[in-house]
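Me: I am new to this structure and would like to go through some of the words used for it. Please set each value against its definition.

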Amino acid sequence: TGTGGNLLFKVKSKRKVDVDASLEDVDIHSINYDSDIAAAKSKNDFRLAVRLWFLRSLKEMADLDLINWKIDKTNSDYYYELSGSELQKEFGSVSLLYDYVWYGDFEIDAKKYAEAEIDLQKYFDKVKQTPAKQCRRAGHI
């Protein structure tokens, strides 16, 4: 027909899609954390770097089945899901740090970021060392 109908059957190319982690609705499983954190730091976007560390921890907790990650859940939901886990109190602290930096729109310079990154890295490392399904998640959705 000359209307370009052959485009309907064109094979989609498989290409890596960049994920904008600065958006609120982001799939935590599709982010390349190492490169994205490094890129944020190189641009002095320390707010985004803190966000990426926090999302990375959420992903790790979800991978270990410590939380049931869903895009519409709040940090409070995850805090309660961690009930009975050693991670709960530290998650509360890391979550508060993240909330202040990301949602509070507080200025964060290189020095403050370096201090925050230590806490975020410690928490991430602790999550990685936590046995899967350690917390009591019965009844959580």
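Me: Which residues in helix α1 are buried?

Reply: This is a predicted model, in which local features need pLDDT of at least 70, side-chain atom pairs count only at pLDDT 80 or more, and totals for chains, interfaces and linings use all residues. Residues are numbered from 1 along each chain as its sequence is written, and side-chain values use heavy atoms, with hydrogens and water left out. In α1, residues 33-42, the buried ones are Y33, I37 and A40, where buried means under 20% relative accessible area, exposed over 50%, and partly exposed in between, with a 1.4 Å probe and protein chains only. Helices here are DSSP runs of H or I with at least four residues, numbered from the N terminus.

Me: Why are the buried residues of α1 said to line one face of the helix?

Reply: Seen down the axis of α1, they fall within an arc of 65 degrees, so they line one face; the arc is that of the directions from the helix axis to the C-beta atoms. On the other side of α1, D34 and S42 are exposed.

Me: What covers the buried residues of α1?

Reply: The cover includes α2 (46-63) and α5 (110-129), and contact means heavy atoms within 4.5 Å.

Me: What makes N44 exposed?

Reply: The relative accessible area of N44 is 55%, and because exposed means over 50%, N44 is called exposed. N44 lies in the loop between α1 and α2, and its phi is near 60 degrees, a positive value in a residue other than glycine.

Me: Why is D65 called partly exposed?

Reply: D65 has a relative accessible area of 28%, which lies between the cut-offs for buried and exposed, so D65 is partly exposed. D65 is in the loop between α2 and α3 (75-81).

Conventions:
Helix = DSSP H or I, 4+ residues; strand = E, 2+ residues; numbered from the N terminus.
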